[in-house]
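Please keep the sequence and the coordinates in view while reading.

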Amino acid sequence: METSMIEKLEKTRCNLLKWLTIGWAIWFGTFIMKDSIQNDMIIGAASTVGAFGWIIFIINLIKFLKLKRELGWDKKAEKALNDELHQLNMHKSFQIGFGVVIWTTAVFLGIAEFTEIKAVLVTEIILYFGVLSVLISGLIYNHD
Amino acid sequence: MGNQELTNQIRVQRAIKNITQEELAAQIGVTRKTINTIETGKFVPSTILALKLARFFGIKVEELFTLNEE
């Protein structure tokens with residue numbers, strides 16, 4: 001009973017992480033696209049696709065937070081799910097995210113030497129790749 | 001310093017006790033994935049987890065984990 005429950009919760013968490021990644025990639029990706037492209041048709045299409053991405057992201061974020069809250073009530077399951085392997089994987093994911101943020105910033109710093117770039121766009125791109133790299137590496141590390 | 005490889009007897013001990021990775025994980029308080037990665041040598045557990053595993057199987061940590069110098 002206990003064993004299958006933890007296994008089920010772990011699968012749910014992995015699944016939520018997968019959909020959070022997809023949602024973020026679509027939503028924020030199209031958000032950046034809107035800020036960097038002038039074509040009205042592309043902006044319109046990006047807005048529609050982005051809205052779907054936003055819905056996917058928000059729904060799964062709520063589910064993820066709900067799961068975390070429910071886990072708080074079951075200390076044994078929470079401890080098992082957040083065991084040392086999971087903590088190590090989280091640590092490695094954030095380490096990768098940090099590296100990506102640093103390298104993206106460095107790339108933009110290099111580009112800024114030759115051309116003028118919008119600060120808002122740079123911030124959005126850094127945020128996009130930073131979060132995405134944490135989510136993707138988290139998915140890879142949590143994969144069986 | 002030469003290459004060091006940590007091997008373990010978890011699979012053997014599980015077979016002796018006739019329990020699955022999932023059942024062992026529940027007994028120790030970790031996920032099945034953690035047991036699987038330890039068993040396959042992909043993840044080196046902490047001293048606490050190693051002691052918990054050894055205690056569960058009723059053997060010494062040195063019997064469960066062996067450090068091989070290559």
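Within chain A of this predicted model, the mean pLDDT is lowest in helix 3 (residues 75-81), at 87, and highest in helix 4, at 96. Averaged over chain A, the pLDDT is 91, and 97% of the residues reach 70 or more. For chain B the mean pLDDT is 91, with 96% of its residues at 70 or more. For the complex, the predictor reports an ipTM of 0.86 together with a pTM of 0.84. Where pLDDT is low, the predicted coordinates should not be read in detail.

Chain A contains five helices and zero strands, and its pattern along the sequence is α-α-α-α-α. Along the principal axes, the C-alpha atoms of chain A occupy a box of roughly 60 × 30 × 25 Å. Chain A has 144 residues, of which 33% count as buried. If one takes the contacts in chain A between residues at least 6 apart in sequence, 79% of them join residues at least 24 apart.

One pairing in chain A can be followed in detail, that of helix 4 (residues 84-111) with helix 5 (residues 119-142). The axes of helix 4 of chain A and helix 5 of chain A come within 8 Å and cross at roughly 150°. Because angles over 145 degrees count as roughly antiparallel, helix 4 of chain A is roughly antiparallel to helix 5 of chain A. The crossing of helix 4 of chain A past helix 5 of chain A is right-handed. On the side of helix 4 of chain A, the contacting residues include A:His86, A:Asn89, A:Lys92, A:Phe94, A:Gly97, A:Val101 and A:Phe108. On the side of helix 5 of chain A, they include A:Val122, A:Ile126, A:Phe129, A:Gly130, A:Val134 and A:Tyr141. By class, the residues of this contact between helix 4 of chain A and helix 5 of chain A comprise 11 nonpolar, 11 polar and one charged.

A:Val101, in helix 4 of chain A, gives a local view of this pairing. When neighbours within four places in sequence are left aside, A:Val101 is in contact with A:Ile126 and A:Gly130. A:Val101 and A:Val134 lie 33 residues apart along the chain, and their C-alpha atoms are separated by 10 Å.

The description now turns to chain B. In helix 2 (residues 21-28) of chain B, the buried residues are B:Gln21, B:Leu24, B:Ala25, B:Ala26 and B:Ile28. Just after helix 2 of chain B, B:Gly29 adopts a positive phi of about 90°.

Helix 2 of chain B packs against helix 4 of chain B at an angle of about 110°, the axes being 10 Å apart. Helix 2 of chain B and helix 4 of chain B are therefore roughly perpendicular, and the crossing of helix 2 of chain B past helix 4 of chain B is right-handed. From helix 2 of chain B, the contact draws on B:Leu24, B:Gln27 and B:Ile28; from helix 4 of chain B, on B:Leu49, B:Lys52, B:Leu53, B:Phe56 and B:Phe57. This contact of helix 2 of chain B with helix 4 of chain B divides into six nonpolar, one polar and one charged residues.

Helix 4 (residues 47-57) of chain B includes B:Leu49, which is buried, with a relative accessible area of 4%. Which residues is B:Leu49 in contact with, leaving aside its neighbours within four places in sequence? They are A:Glu84, B:Ile28, B:Val30, B:Thr34 and B:Ile38. Between B:Leu49 and B:Glu22, the separation is 27 residues in sequence and 16 Å in space, C-alpha to C-alpha.

Helix 4 of chain B also packs with helix 1 (residues 10-17) of chain B, at an angle of about 30° and with the axes 11 Å apart. Helix 1 of chain B and helix 4 of chain B are therefore roughly parallel to each other, and their crossing is left-handed. B:Ile10, B:Gln13, B:Arg14 and B:Lys17 of helix 1 of chain B meet B:Leu53, B:Phe56 and B:Phe57 of helix 4 of chain B in this contact. The classes represented in the contact of helix 1 of chain B with helix 4 of chain B are four nonpolar, one polar and two charged residues.

How values were computed: Residues are numbered from 1 along each chain as its sequence is written. Chains are lettered from A and ligands numbered from 1 in the order in which they are written. This is a predicted model: local features need pLDDT of at least 70, side-chain atom pairs count only at pLDDT 80 or more; totals for chains, interfaces and linings use all residues. Side-chain values use heavy atoms; hydrogens and water are left out. Axes are lines fitted to C-alpha atoms, for helices over the stretch in contact, and angles run from 0 to 180 degrees between N-to-C directions. Helices (H or I, at least four residues) and strands (E, at least two) are DSSP runs, numbered from the N terminus. Angles under 35 degrees count as roughly parallel, over 145 as roughly antiparallel, 65 to 115 as roughly perpendicular and the rest as oblique. A crossing is left-handed if the near helix is turned anticlockwise from the far one by less than a right angle, and right-handed if clockwise. Contact means heavy atoms within 4.5 Å. Ala, Val, Leu, Ile, Met, Phe, Trp, Tyr, Cys and Pro count as nonpolar, Asp, Glu, Lys and Arg as charged, and the others, Gly among them, as polar. pLDDT is the predictor's confidence in each residue, from 0 to 100. Buried means under 20% relative accessible area, exposed over 50%, partly exposed in between (1.4 Å probe, protein chains only).
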